[in-house]
Amino acid sequence: MKTYLVTGGAGFIGSNFILYMLKKHADIRLVNLDKLTYAGNLENLKEAEGDSRHIFVQGDICDKELVRGLFEKYDFDYVVNFAAESHVDRSITNPEIFVETNVSGTVNLLQCAKESWLRGGVWAEGKKYLQVSTDEVYGSLGAEGYFTETTPLCPHSPYSASKTSADMFVMAFHDTYGMPVNITRCSNNYGPYQFPEKLIPLMINNVKNKKQLPVYGDGMNIRDWLYVEDHCKAIDMVAENGKVGEVYNVGGHNERPNIFIVKTIIAQLGQRLCDPEIGENLIKYVADRLGHDRRYGIDPEKIKNDLGWYPETTFEVGIVKTIDWYLAHEEWMEHVTSGAYQDYYDNMYQNK
Ligand code: NAD
Ligand code: DAU
C-alpha cells in the first residue's frame, strides 16, 4: 500500500484528486493536510466521508512540527503539494500570504521530506515529491507558439512569481541533495468544486442570479482550459511513472478567449433555465487586471509521448458537465458565497 501526503486536498483540484484516487486505487492511504482557508471546504470531501483510506488533518504546510510529526507517523511514499494561495487577483492586492504559503510552505514540505527520506546519506527507495505547478510560470505568449518544458520561466503576477520561486526550490532540492521530485505545470482547470472567484464558476453564479458579468479588458485574453479530472489523471501518472527530476506540462489544446467562455455560459444557462432575461446584455467590460497575461497555451507532447497521458473530456462535454454540477449543487454555492465572499466580491468589483 502506498501512502500519500496530499496538501490542499480540500480545495478545488485537491478535493477532485482525493476523490479520483479513492475511485482509482483500492490499496491506498491519503493523508490530506489542509489549512481550510476561504478556498478550502470540507463539503468538497463529502463523498470520501467514512472511507478509512482518507485521513483529514487541518493544519498549515508552514507548520514544521506538524508536518514533521505527520512524516514520522505515516512514513509517506509520496507528497503531492496542491496547497497554495491560487488566485491571481488576490495576489495583486495582498502578495505577502502568497510568499508565505506558496514559497515558505513548499520549502518546509521539502525540508521535512528530506529529513524523513534521506537516511544515512541515502534516499529511501520509492519516495517522491510532486509539486503541482502552473503554466503561469512561463509568462505570456504572443499569437503563436506554445509553452514547452524548456520555455524560460518569466512570471508576471505575484501569484506566478511565488509559484515560480517554489518550482525553483523544488529543483534546487533535486540538484543539490538528489531529492526525487517531479513538477507538473498545468493550464487552467475547470469542473466541480471550483471556488466562484475564478472565471467559470463566477460567471455561472452571476448568470444564474442575473448579475452583471465582469469581463476584464477586451475579453480577448486566451486561456487553455482542461477538465479537472484530466489534470488529476496526469498527476497520478507522473507520481507513479514520471522520470525523477523532470517537469511535465499538462494541457489539452483547448484555447479559448474569455469572452467565448462567458458567451457559452450565457447560451447554455439561458437554454437550460428558459429565462428570457438571461442574455449577452449582462456582460460588462470592466477595467483590466493589472499585468494581465494575454495568452496561455500548453504543448503537452512530453507527457503524452513519455507517459501515455491524454485528456478524456472535451471542452464541449466538460462545460456542460460543469454547468450541470453547479445547477445540482445550489446549496454548495450558497454556502461558499455567504459571508466573506460578499465582502471580497464588493471590494474586487465595486470600482471596476
Ligand atoms: P484552491 O485555492 O481551490 O485550493 C487551495 C487549497 O489549499 C485550499 O483547500 C486551501 O485551504 C489550502 N491551503 C491554502 N494555504 C494553505 C496552507 N498554508 N497550508 C495548508 N493548506 C493550505 O486552489 P486550486 O485551484 O485547487 O489549485 C491547487 C493547486 O494547483 C495550486 O498549487 C495551484 O497553483 C495549482 N494549479 C491550479 C490551476 C487552476 O486552474 N486552478 C492550474 C494549474 C495549477
Ligand atoms: O493557468 C493556470 C492558472 O489558472 C492557475 O495557476 C491559477 O491558480 C488559476 O486561478 C488560473 O489563473 P487565471 O488568472 O487564468 O484564472 P481566472 O479564473 O482568475 O481568470 C481567467 C481569465 O478570466 C483571466 O484572463 C482573467 C479573466 N477574468 C477573470 C475573472 C475572475 C475576467 O475577465 N473576469 C473575472 O471576473
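Modeller: Let me begin with β9 and strand β11 (residues 222–227), which pair in the parallel sense over three bridges. First, some ground rules: this is a predicted model, in which local features need pLDDT of at least 70 and side-chain atom pairs count only at pLDDT 80 or more, while totals for chains, interfaces and linings use all residues. Residues are numbered from 1 along each chain as its sequence is written, chains are lettered from A and ligands numbered from 1 in the order in which they are written, and side-chain values use heavy atoms, leaving out hydrogens and water.

Colleague: What makes β9 and β11 a pair?

Modeller: Two strands pair if DSSP finds at least two bridges between them, and strands themselves are DSSP runs of E with at least two residues, numbered from the N terminus, just as helices are runs of H or I with at least four. β9 and β11 have three bridges, so they pass. Within β11, Leu226 is the bridge partner of Asn189.

Colleague: Why are β9 and β13 called edge strands?

Modeller: They belong to an open sheet of three strands, ordered β9-β11-β13, with mixed pairing. β9 (188–190) and β13 (255–257) each have a single partner strand, so one side of each is left without a neighbour in the sheet. The twist from one strand to the next averages 50°, where axes are lines fitted to C-alpha atoms (for helices over the stretch in contact) and angles between N-to-C directions run from 0 to 180 degrees.

Colleague: Which strands stand at the edges of the seven-stranded sheet?

Modeller: That open sheet has parallel pairing and the order β3-β2-β1-β4-β7-β8-β12. β3 (54–58) and β12 (247–250) pair on one side only.

Colleague: How do you know that the span of α4 is close to the expected one?

Modeller: The expected span is 1.5 Å times one less than the number of residues. Helix α4 (residues 96–117) has 22 residues and reaches 30 Å from its first C-alpha to its last, close to the expected 32 Å. α4 also bends by about 25° at Gly105, the bend being the angle between axes fitted to the seven residues ending there and the seven starting there.

Colleague: What makes a residue part of the surroundings of ligand 1?

Modeller: One of its heavy atoms must lie within 4 Å of the molecule. There are 28 such residues, and the closest are Ile13, Asp34, Ser86, Tyr159 and Lys163. β7 gives the most to this shell, with three residues.

Colleague: Why is the approach of Ile13 to ligand 1 called a polar contact?

Modeller: A polar contact is a pair of N or O atoms within 3.5 Å (within protein, one must be able to donate a hydrogen and the other to accept it, and residues adjacent in sequence count only if both atoms are side-chain atoms). A polar backbone atom of Ile13 is 2.8 Å from an oxygen atom of ligand 1, so the pair qualifies. For a polar backbone atom of Thr37, the distance to an oxygen atom of ligand 1 is 3.0 Å.

Colleague: Which residues come nearest to ligand 2?

Modeller: Asp135, Tyr159, Arg289, His292 and Tyr349, out of 22 around ligand 2. A polar side-chain atom of Asp135 lies 2.6 Å from an oxygen atom of ligand 2, and for an N or O atom in the side chain of His292 the distance to a ligand 2 oxygen is 2.7 Å.
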